[in-house]
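Hi,

Here is the structure I promised to pass on. Please open it alongside this email, and my notes on what turned up follow below.

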Amino acid sequence: MDDAAARTADHGAAAERTRLAWRRTALSAAAVALLALRPAITHPAHAGRWIAAALIFLGWAVMVAIAYRRARGLTSIPPRPARRTVPAFALLALAFALLGGLVIAL
Amino acid sequence: MTKSACCGPAFWTSAVNNQQVLREWFDPEKTPTVGRTPDYRFSLANERTFLAWIRTGLALIAGGLACAQFLPPLPITFLREGLAIALLLLGSVVALRAVDHWARTERAMRLGEELPGSKFPAILAMVVALGALLLIITVLINAAKE
């Protein structure tokens with residue numbers, strides 16, 4: 001029964017929609033990272049702001065890496081369900097909020 | 001139906017503790033393997049819902065950063081900064097709650113239970129509406145002063 005389910009055609013393109021959702025989320029994160037970079041650019045002498053922005057961009061790079069890794073897991077048939085990628089991604093979003101607070105406070 | 005699936009709810013209510021919840025977050029499939037693996041399409045739908053919540057959280061964080069950078073000074077001191085920090089906090093709560101809801105939904109699907117309901121969307125909507133109302137009032141006060 002499980003084998004038959006595995007071979008059923010995915011008419012809803014669930015895997016592809018999920019892959020696109022990951023990509024969309026990584027893009028949203030890029031927008032946040034750029035917003036956090038702006039104070040550093042407007043006041044280039046402020047080292048703390050550059051460090052906070054650099055950390056946010058590092059987090060963004062990890063997010064993109066996670067999204068790519070997950071996209072590979074989605075290509076198998078049937079697609080593997082997400083596990084650690086999900087909490088890792090949420091923790092990175094949390095880190096964005098903390099670093100954003102740092103950018104505002106500095 | 002497997003044995004663990006039938007006894008799932010009792011196990012869940014009696015053995016819930018913080019450590020287990022955290023383990024559930026990081027590996028909902030492995031610890032403890034309850035019920036049976038649902039149709040992968042349901043799992044992917046759950047994953048997309050999680051991602052939609054993360055985007056909501058990121059949008060709130062972006063709103064906070066934008067508030068701090070683009071809003072003119074408001075009539076009440078530090079209202080702008082307070083608003084920015086509140087948005088950042090709201091964004092982090094949304095992100096954390098997104099994982100929790102994802103893990104609980106995954107578990108409910110494995111056990112064949114009802115999906116977990118949540119008051120969170122309603123609360124978030126009210127908080128956002130309240131914040132918008134507050135901003136409208138300050139903008140009107142600002143306009144009346146000039």
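**What turned up**

Chain B has six helices and zero strands, so its pattern along the sequence is simply α-α-α-α-α-α. Before going further, please keep in mind that this is a predicted model.

The mean pLDDT of chain A is 86, and 90% of its residues reach 70 or more. Within chain A, the highest mean pLDDT among the elements, 92, belongs to helix H2 (residues 14–42). At the other end of the scale is helix H1 (residues 2–7) of chain A, with the lowest mean pLDDT, 54. Where pLDDT is low, the predicted coordinates should not be read in detail.

**The two chains one by one**

Chain A has 106 residues, and buried residues make up 42% of them. Its accessible surface comes to about 5800 Å², with 67% of that belonging to carbon and sulfur atoms. If you take the contacts in chain A between residues at least 6 apart in sequence, 67% of them join residues at least 24 apart.

For chain B, the count is 146 residues, and 40% of them are buried. The accessible surface of chain B is about 8100 Å², and carbon and sulfur atoms account for 70% of it. Of the contacts in chain B between residues at least 6 apart in sequence, 73% join residues at least 24 apart.

**Where the chains meet**

Together the two chains bury about 3300 Å² between them, and 74% of that is on carbon and sulfur atoms. In chain A, the residues that lose the most area to chain B are A:Leu35, A:Arg83 and A:Ile104, which together make up 18% of what that side buries.

The rule finds one salt bridge across this interface. The partners are B:Glu47 and A:Arg70, whose closest N and O atoms are 2.7 Å apart. The pair crosses between chains, from helix H4 (residues 40–70) of chain B, where B:Glu47 sits, to helix H3 of chain A, where A:Arg70 sits. Are these two residues buried or exposed? Both B:Glu47 and A:Arg70 are buried.

A search of the whole structure finds four salt bridges over all chains. Besides the pair between the chains, here are two that lie within chain B.

- B:Arg104 and B:Asp100 meet through their side chains in a salt bridge, at 3.3 Å from N to O. Both residues lie in helix H5 (residues 79–111) of chain B, four residues apart, about one turn of the helix. B:Arg104 has a relative accessible area of 30%, so it counts as partly exposed. B:Asp100 is also partly exposed, because its relative accessible area is 21% and the buried class covers values under 20%.
- B:Glu81 forms a salt bridge with B:Arg80, the closest N and O atoms being 3.3 Å apart. With a relative accessible area of 27%, B:Glu81 is partly exposed.

**Two places on the chains to look at**

One is a nonpolar patch on the surface, formed by B:Leu133, B:Ile136, B:Ile137, B:Leu140 and B:Ile141. Together these residues have about 480 Å² of accessible area. B:Ile137, one of them, is in helix H6 (residues 120–145) of chain B. Its relative accessible area is 45%, so B:Ile137 is partly exposed.

The other is A:Arg69, which lies in helix H3 (residues 47–75) of chain A. Why does A:Arg69 count as exposed? Its relative accessibility is 57%, and exposed means over 50%. A:Arg69 is 16 residues away from A:Thr85 in sequence, and the C-alpha atoms of the two are 8.5 Å apart in space.

Best wishes

Technical notes:
Residues are numbered from 1 along each chain as its sequence is written. Chains are lettered from A and ligands numbered from 1 in the order in which they are written. This is a predicted model: local features need pLDDT of at least 70, side-chain atom pairs count only at pLDDT 80 or more; totals for chains, interfaces and linings use all residues. Side-chain values use heavy atoms; hydrogens and water are left out. Patches are made of residues with over 30% relative accessible area and no salt bridge: like charges are joined within 9 Å, nonpolar side chains (Val, Leu, Ile, Met, Phe, Trp, Tyr) within 5 Å. Accessible areas come from the Shrake-Rupley method with a 1.4 Å probe; for residues, only the protein chains shown count as cover. Helices (H or I, at least four residues) and strands (E, at least two) are DSSP runs, numbered from the N terminus. Buried means under 20% relative accessible area, exposed over 50%, partly exposed in between (1.4 Å probe, protein chains only). pLDDT is the predictor's confidence in each residue, from 0 to 100. Buried area is the accessible area (1.4 Å probe) that two parts lose on being put together, summed over both. Contact means heavy atoms within 4.5 Å.
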